[in-house]
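Dear colleague,

I am handing over the structure we talked about, and below it you will find notes on what turned up in it. Please read them with the structure open beside you.

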Amino acid sequence: MRREIRFGGFGGQGIVTAGIILARAAALYENMNALQTQSYGPEARGGASKSEVIISDSEIYYPKVKKPEIFVCMSQQALEKYFKDFSGILIYDSSLIKNVSMEVKAYSIPATMLAMKKLGKTIFANIIMLGALVETTKIIGREALKTAVLESVPRGTEDLNMKALKIGFEEGKKALEIKNGNSRKDC
C-alpha cells in the first residue's frame, strides 16, 4: 500500500506544517513508512505553497509523489497550479475556493470560515483540514493524528488545536454523509 497526498495553499496557511504532522502521525504512531517534501514560492506569505506526503507499509524507494490520489487544497491559486497530475479525492476549503470545475470526488470543508468563527483565528484551518482528511479517507487513525498534532503545535495552543481537529472530524463526517459517493456536481 502506497498512498500519495498533496496539500496545496498559500504561504502562511500551514500547508507544510499539515504535511509534516500527517507524515509524523503515520511514521511514529501507525508504524508506517512516511516522508514529506515541500515547495513554496519566494514570497514569505501569500505565494503558492505545496507539501506532499507518501505513506507506505513498505520501503519508500522513490521520495517523489508521482500521482497524488488525495489533494487537500486551501486556495484557488493552489487548486489551479497543483491540480495538473491529480486523480482521486479532493478535500477543499470552500471558504476560499469557489470554483471547482474538475470531475473528481470532492469534499467541501469551510475550514477558514470555521476556524475564524469558532476559534477566533484562521491559523487553525490547516488542522481542521487534517481532521477532515482523516475522517473522509481513514488514511491513518484519529488517535495517531491527535498525538502528532499535540507534539507539533506551539505550547499554549494545544486546546485550540484539539478543538480545530474535532471540528475537522465533524466536518469530514458531515461531508461523507452529504457526499455519499456522488460526484462534485451533485454537491
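The axes of helix α4 (residues 125-137) and helix α5 (residues 142-152) come within 10 Å and cross at roughly 160 degrees, where axes are lines fitted to C-alpha atoms, for helices over the stretch in contact, and angles run from 0 to 180 degrees between N-to-C directions. Since angles over 145 degrees count as roughly antiparallel, α4 and α5 are therefore roughly antiparallel to each other. Helices (H or I, at least four residues) and strands (E, at least two) are DSSP runs, numbered from the N terminus.

The contact (heavy atoms within 4.5 Å) is made by I127, L130, G131, V134 and E135 on the α4 side, and by R142, L145 and V149 on the α5 side.

This is a predicted model, in which local features need pLDDT of at least 70 and side-chain atom pairs count only at pLDDT 80 or more, while totals for chains, interfaces and linings use all residues. Residues are numbered from 1 along each chain as its sequence is written, and side-chain values use heavy atoms, with hydrogens and water left out.

Turning to the strands, six of them form an open sheet in the order β2-β3-β1-β4-β5-β6, with mixed pairing, and two strands pair if DSSP finds at least two bridges between them. At the edges stand β2 (33-40) and β6 (105-109), each with a single partner strand, so one side of each is left without a neighbour in the sheet. Strands β4 (residues 70-73) and β5 (residues 89-93) run parallel and are joined by 4 bridges, with I70 opposite I89 in β5.

Best wishes

Technical notes:
Angles under 35 degrees count as roughly parallel, over 145 as roughly antiparallel, 65 to 115 as roughly perpendicular and the rest as oblique.
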